[in-house]
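My notes are below the structure.

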Amino acid sequence: MRFARRRRLLSGLLLAPLLSGCFAAEDKSSPSGSGSGPGERLRVALAFPPAENFSPYGSDATLLSRLGVTEGLTRLDANGAASPALAESWRQEGERAWVFTLREARFQDGTELTPAAVAAALTHATRADPAPAALSGVQLTAEPAGKRQVRVTTTDPDPALPLRLSSPSLAVLSAKAYREKGTVDPAGTATGPFELTSTGGGNRAGLDRFDDYWGGRAQASGIDARFIADGTARTNALRTGEVDIAEAVPVAQVSSLDKGTARELATTRTTSLQLNTRSGPFADPKVRAAARAAVDTSVLAKDVYEGYADRGQGVFGPALSWAADKREEPKGRARAARVHGTAITLATYDNRPELPEVAQVLQQQLKKAGFTVEVEVRESSRIEGDALAGKFDAFVGARNTMLDTGDPVSVLASDFTCDGSYNLALLCDKRVDRAVAEAETTADPARRQGAAMAAEAEILRTDATVPLVHQRIVHGVRTSVHGVLLDPYERTLIGPGTRR
């Protein structure tokens, strides 16, 4: 569904990239097997445990959206365009204001979705510290604008606002969710088809069906979620029948799945090597160039990912059909220095089991180039903060570049500008900031994509990031389950129609 109420509105909505080919927004495989049917609880194994007590303002936001707990004013459709969610429609007023008309809906605590509640929720998000990635470089205010309308105004023109408001980190919760000292509790305060009812030591969560969901009563009565960081353990839980769905099956485990249970999906996830540009050896662009020259990405795609990935081409990969034609060659890169025993610490996390193996391969490649490399591996929630604080020289991470907003320019702003909220490379480069700022003010869809690729070229020029592979993901889904949401943006997994 794509809105086109005015020319200005259309330009804002068309900013999202078209994905190459088609993806299944819903897996409609017919259920089979005995002892299952509508109304049963779903058993799901997720790769990443909650790191922030299910706060919507950080990495836990996607856990809530994947489990069908939270929603925003908009969502992304199959082509990556903004489509209705809690807002039925919207229109642009001038260059800086948008008016969203709300649908009739209720929160899980029984209170009504009102313009005041929506405005309060968005205001809380703007005050979060750190700010949600979707709001990186953006200042907005929200206020009621009628019986069913909310006006959202930005300090500067933001053509991508309808996309931005689809971010899981900008989910709308009821007044009861917002506690003292900025804490947020989504349990029983969201609007989705499933209500978070219990958590267990960070490795389990229970969800019950929300019977008053505006989109219709969910077919499953609830969800029993387990957070299993070890990919082999997740796969074994699926194979032994302990869970019905296991997300992100390691590529090495795919062949062990029963016939018909592997669901392969092209994603906009890029695995990259981020180099610390602020301190240590990689503060020198010539040393960064030496690291980039040492990396052979074909080995990673072929051997580590066993063909379930494409060689790194840039920040944006082949899942975005427009990126290849608009890609620009980086100009003005530093010449590689000769390194003789330069010591570096390379860190990564093990929630995605391929990443430690990627780090080991990189260790060997960098050693061959003259670096001395120590590898550190932890669970994601225990290492991300240190990475953002610059405590490592290099960091290997997998990032769905369209996850936060669906807008390619926004991810560049959050990940690679001086004030970016997820700047793992700690990059602060005037040319990069200028290129991103220019892209942010470009409203025409094709020109905005071109401006994004020009900014990408400036980022690659710095060698702050070395794109390694563009990933395809495999979910394990038992044949008795259907209605799983297969999403290249990795925002959704379970919906009202998911059942066994």
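What follows is my set of entries, by topic.

**Ground rules**

I am working with a predicted model, where local features need pLDDT of at least 70, side-chain atom pairs count only at pLDDT 80 or more, and totals for chains, interfaces and linings use all residues. Residues are numbered from 1 along each chain as its sequence is written, and side-chain values use heavy atoms, with hydrogens and water left out.

**Helix 7 and helix 9**

I noted that helices (DSSP runs of H or I, at least four residues) and strands (runs of E, at least two) are numbered from the N terminus. I looked up helix 7, residues 297-304, against helix 9, residues 354-368: they pack at about 145 degrees, with axes 11 Å apart. The axes are lines fitted to C-alpha atoms, for helices over the stretch in contact, and the angles run from 0 to 180 degrees between N-to-C directions.

Helix 7 brings V299, L300 and V304 to the contact, and helix 9 brings E354, E357, V358, V361, L362 and Q365; contact means heavy atoms within 4.5 Å. I sorted this contact by class and got 6 nonpolar, 1 polar and 2 charged residues. Here Ala, Val, Leu, Ile, Met, Phe, Trp, Tyr, Cys and Pro count as nonpolar, Asp, Glu, Lys and Arg as charged, and the others, Gly among them, as polar.

I then checked the length of helix 9: its 15 residues should span 21 Å at 1.5 Å a residue, and its end C-alpha atoms are 21 Å apart, so the two agree. The expected span is 1.5 Å times one less than the number of residues. After helix 9 comes G370, with a positive phi near 115 degrees.

**Helix 11 and helix 13**

How do helix 11 and helix 13 lie relative to each other? Their axes come within 9 Å and cross at roughly 25 degrees, so I wrote them down as roughly parallel (angles under 35 degrees count as roughly parallel, over 145 as roughly antiparallel, 65 to 115 as roughly perpendicular and the rest as oblique). Helix 11 supplies P408, V409, L412 and F416 to the contact, while helix 13 supplies R448, A452, A455, E456 and I459. By class I have 7 nonpolar, no polar and 2 charged residues there.

**Single residues**

I looked up S272 in strand 12, residues 262-275. S272 is buried at 8% relative accessible area (buried means under 20%, exposed over 50%, partly exposed in between, with a 1.4 Å probe and protein chains only). Leaving out residues up to four places away in sequence, S272 touches F395, V396, G397, T465, V466, P467 and L468.

The C-alpha atoms of E306 and A252 are 7.5 Å apart, although 54 residues separate the two along the chain.

**Backbone entries**

I reminded myself that most residues other than glycine have a negative phi, and most peptide bonds are trans. K181 is not a glycine, yet has a positive phi of about 60 degrees. K181 sits in the loop between helix 4 and strand 8 and is exposed at 86%. E490, also not a glycine, has a positive phi of about 60 degrees, but E490 is buried at 7%. Last, I found a cis peptide bond between D129 and P130, with omega about 5 degrees.
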